[in-house]
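Trainee: I would like to learn how to read strand pairing and nonpolar cores in a model. Could we go through one together?

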Amino acid sequence: MPENRLEVQQTQKLSQSLQTVIHLLSLDLDGLSNEMQKAIQENPALEYIPPAKSAQDYVMAVKTRYRGGRGGDMPSIEVQPDRNSTLKELEAQLRLCGLDQTTQRAAVSMLHLLTPRGYFVQEMDEFAAEAGISKETAKRALAAVQSLEPPGIGARDVEECLELQLRAREDTDPLCYELVRLYLLEISKGNLRLIAQETGATPAHIKRCVETIKTLTPAPCSLREEEVRYVMPEFSVEAGESDQIVIQFHNDYYPVVRMDETFRRFSETLTGEEKDYARSMMNNASQMIYAIETRQTTMEKVARIIVREQRAFFLGHYDLLPLSVNDAAKEIGVHVSTLYRAIQNKYLYCSRGTYPLSFFFQKEVSGGESAARAKEIIRQICRENGKVSDRVIAEMLESKGIKLSRRTVAKYRMQMEIDSSFSRNDGDRTDE
């Protein structure tokens, strides 16, 4: 007879109020405005006050300020072109893959993290931790993404991108895989004899495989469209006289929600179930107002940390310095995942342009430099050396005191949309 046991377990659940706070933190200003309007429709205890100004007013204000004599080019107040339609097509393919719900969600998240040319460059351990899934699930999700059309989607680097395209073809010569994995640089140099000597294949065989490889593309797709939309930044950062920096939140550009005093007074005249209903509505209204105020307070703390740590950037003197999300979360007093939500899909405006808040949280690489600084050096090296490989770039970085692996160099290069040495030539040193 099985033994019955009583066990006491403790589980921690988020209160409804805290769940509302976290949800609003994840929204940009447009999403916050929509959430406010939805709350107004559902809760008669809330009063909605529309914004005094529109986002278009902000665009015109920025243009006017720059015509007013500040000089230089007007900072960008645009974001990257909308990729939604292309992503929807890929999501539609995913739905046909027969994935379980957890893997499906992870795969969709991966799609939204692809670079504009279709690469997935985030470390798998890091992605699994942020998504709250096992590494095995993350691997299944990546395999599903890499099975989509066009072939090459979700590749980790150029070699894998080309290999995925080869797998999608029928009767691919096995030698092509070896050449892609080991000899792309030699192919770009035209050293077919050297390849033949090392592989033991005939020059004619090598040539046929090279012709096949040249039909492949290092950019399987373009997650870009021509449509450009304007964004409403959370706040602006202005550098004044004596290097004084001022943070300005654009309160006039988004709505306000407050308790409806007419409803509150009316509720005092009610009794029974009607009074209970009114009290419930007012409690929900209080939670919503508290969540909005907490969101604003948290964003103010984030703004102060960014300006304090990246002060030199806003004064136009230096590159970005390392800034840890973990350290910022501890200072603010929130969980790391909460801070990630707070900085995603949100922007700030300064004299150098409009930037996502996540741009200012830079990982520290060796030598005390930020990832942004390492990327800028990689960009400069690729401009000056059209055929330099990732391995050589890593060696050049190490000579400057920055130690990165070849894989990390490739990851940063793809994030900046710089072709591999296989695709670049001496006359093609663009910033793509």
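Mentor: Let us begin with a single pair of residues, keeping in mind that this is a predicted model. The bridge partner of L348 is Y355, which belongs to strand 6.

Trainee: In which sense do strand 5 and strand 6 pair, and over how many bridges?

Mentor: Strand 5, residues 347-350, runs antiparallel to strand 6, residues 353-356, and four bridges join the two. With two residues between them, these strands form a hairpin.

Trainee: Which residues does L348 contact beyond its neighbours within four places in sequence?

Mentor: Its contacts include G353, T354, Y355, L357 and F360, and also P233, F235, V237, I306 and F314. L348 is, together with F314 and L339, one of the residues that touch the most other members of the largest nonpolar core, which has 54 residues. Helix 14, spanning residues 272-309, supplies the largest share of this core, namely 14 residues. Apart from it lies another core, of 25 residues, and among its members are Y183, I187, A201 and L216.

Trainee: Where is L216 found, and is this residue buried or exposed?

Mentor: L216 sits in the loop between helix 12 (203-213) and strand 2 (235-239). The general idea is that a residue counts as buried when its relative accessible area is under 20%; L216 has 9%, and is therefore buried.

Trainee: What does L216 touch, if residues up to four places away in sequence are not counted?

Mentor: L216 touches L162, Q165, L166 and R169. As for P151, its C-alpha lies 9.9 Å from that of L216, although the two residues are 65 apart in sequence.

Technical notes:
Residues numbered from 1 in each chain as written. Predicted model: local features only at pLDDT ≥ 70, side-chain atom pairs only at ≥ 80, totals over all residues. Heavy atoms only, no water. Core = buried A, V, L, I, M, F, W, Y, C linked by side-chain atoms within 4.5 Å. Buried < 20%, exposed > 50% of the residue type's maximum accessible area, 1.4 Å probe, protein only. Contact = heavy atoms within 4.5 Å. Pairing = 2+ DSSP bridges.
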